[in-house]
Amino acid sequence: MTILNTCMVWYFQRQMPSIEAFKKSPVETQQKVFRNLIETAKNTEYGKTYDYKSILSWQDFDKRVPVLDYDQFKPFIDRVRKGEKNIFWPSDIKYFAKSSGTTSDKSKYIPVSSESLKDCHYKAGQDMFGLYCNMYPQTRMFTGKNLALGGSRQENEFKTNAFYGDLSAIIINHLPFWAQNKRSPAKEVALMPEWETKLHKMVELTSKDNITGLSGVPSWMMILLKSVLEYTGKQTIKEVWPNLEAFFHGGVNFDPYRKQYKEIIGPGVNYINVYNASEGYFAIQDQKHCDDMLLLLDTGVFYEFIPIEEIDKEHPKVIPLQEVVIGKNYALLITTNSGLWRYKIGDTVVFTSTSPYRIKISGRTKNFINACGEEVIIDNALKAFQAACDKTSAVVLEYTGAPMFSSTGTCHEWFVEFSKEPDNLDVFVDIFDKTLQSVNSDYEAKRYKDMVLQKPLFRNLPQGSFYKWLESKKRLGGQYKVPRLSNNRQYLEEIERILNKKTL
């Protein structure tokens, strides 16, 4: 095993020259990616529509090709899902990553081409291990297995040969044989569709393995680790897997989980931040004890950025990589080797360095709650409130919501002002919760048997509470609005302080 570990470390460290190359020449690397994408797609329907053959520069691209979100690009995706070819990418797209929904749909279906699997997701996965081995050259991670907590395959509503599922399920299903041998559990268990059954099987199998690395979303991984402790009767994960040395995490902000993880796992584990979305693998932590991430510039993704003050404009100003500045908030715009063209992914980033380019995820372009991957957007909440009001004859004046983390679990807490209260608030909350599950598949998954998210908590505020809060912030007037969703508790805590002052 020591010889194999040495060979694996050497294999992954071979990624470092290519990483150093794009760090040294970032703009030139991105220009090469840009030209390759344009040349590859020039004969697609999308490429002909915007005459890619005559695009000679990024300035031409910026003037000619529209900036789109998922809802605007969805008609093209739907055509490919139904079996049409050469619409926005020339190769046959057989994989669609199911992701959280938008205003008009419960779920998004992101195209994943074979080029994206190979040159983006798999290459970035190798980069991840390469960067890890560069930071920790004495690693013994490859003496054991990596426990990858993935998703499942989904039913295909169209009669095509396309594969539907979480991105992690697509990746696990198509890993090369050598990678399959170094991961746990076996593929047939990892892709089980029913979470509870899969959880029990994973606990039973992985608790007997020599697990040296973990990969997954922190909220789901925590459930698995607690189940392993319950199954084995151990106090810490290190007692079960003494050789565990790394957790590669992404998907949600890790800070609320950090202390809990250190308590449940024990000492001696490295926590590595990654930015791996359905649309592409974008960035990886490359420094010890610093969780900002190196932007990957050679994986078939061309990056553009919208200054956050421009995001709601019909024709926002867009800038290329070389024009970003440190500390400014940008909406991320991507063009990918799966045929997503100038696509607003919905994330905002802040650059912490431009030599090399490193980022932190700063939030979403819209109000949202994303405590554990549920990605609740304001449209989801509006539909849930409307359904609850309609069925209980209640009338809501104002509301705002945020995640609440406690020793008993995680939930969403809502502060609500009613002009007409429901006869039974518990009934109102139950309708709200079930409606939210019906319009957001990720929230529905996290609410499954209260495993990740518990039932939302509602607090009925006295009328005038939000007015007093806005008054305290000098934000009275028609142009100011109560923020409906937030991924932190700042607004709720400010309102709480005002209510406490009034009580005193």
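Guide: Leu147 has Ser184 of β6 standing opposite. Please keep in mind that this is a predicted model.

Visitor: What makes β3 and β6 a pair?
Guide: Two bridges join β3 to β6, and the strands run parallel. Pairing asks for at least two bridges, so β3 and β6 qualify.

Visitor: What joins β3 to β7?
Guide: Four bridges join β3 (residues 145-148) to β7 (residues 211-216), again in parallel. Asn146, for instance, has Gly213 in β7 as its bridge partner.

Visitor: Why are β6 and β13 called edge strands?
Guide: The open sheet has 12 strands, in the order β6-β3-β7-β8-β9-β10-β11-β16-β15-β14-β12-β13, with mixed pairing. β6 (183-184) and β13 (319-320) each pair on one side only, and they are the edge strands.

Visitor: How do β10 and β11 pair, parallel or antiparallel?
Guide: Strand β10 (residues 280-287) and strand β11 (residues 290-295) are antiparallel, with four bridges. Gln285 stands opposite Met293 in β11.

Visitor: Why is Thr336 called buried?
Guide: Its relative accessible area is 0%, and buried means under 20%, so Thr336 is buried. Thr336 lies in strand β14 (residues 329-336). Leaving aside residues up to four places away in sequence, Thr336 touches Leu37, Trp89, Glu279, Gly300 and Val301.

Visitor: Which residues have the most contacts inside the largest nonpolar core?
Guide: They are Phe88, Tyr275, Phe305, Trp341 and Phe351, in a core of 89 residues. Helix α7 (residues 114-135) gives the most to this core, with nine residues. A second, separate core of 56 residues includes Leu214, Met222, Ala388 and Phe428.

Visitor: What does Trp341 touch?
Guide: Not counting residues up to four places away in sequence, its contacts include Leu37, Phe73, Phe88, Trp89 and Ile334.

Visitor: Which residues of α15 are buried, and what covers them?
Guide: Among the buried residues are Asp379, Ala384, Phe385, Ala388 and Cys389. The cover includes β18 (376-377), β19 (395-406), β20 (409-420), α16 (425-439) and β21 (457-460).

Visitor: What follows α15?
Guide: Ser393 does, and its phi is positive, near 60°.

Technical notes
Residues are numbered from 1 along each chain as its sequence is written. This is a predicted model: local features need pLDDT of at least 70, side-chain atom pairs count only at pLDDT 80 or more; totals for chains, interfaces and linings use all residues. Side-chain values use heavy atoms; hydrogens and water are left out. Buried means under 20% relative accessible area, exposed over 50%, partly exposed in between (1.4 Å probe, protein chains only). Contact means heavy atoms within 4.5 Å. A nonpolar core is a set of buried Ala, Val, Leu, Ile, Met, Phe, Trp, Tyr and Cys residues joined through side-chain atoms within 4.5 Å.
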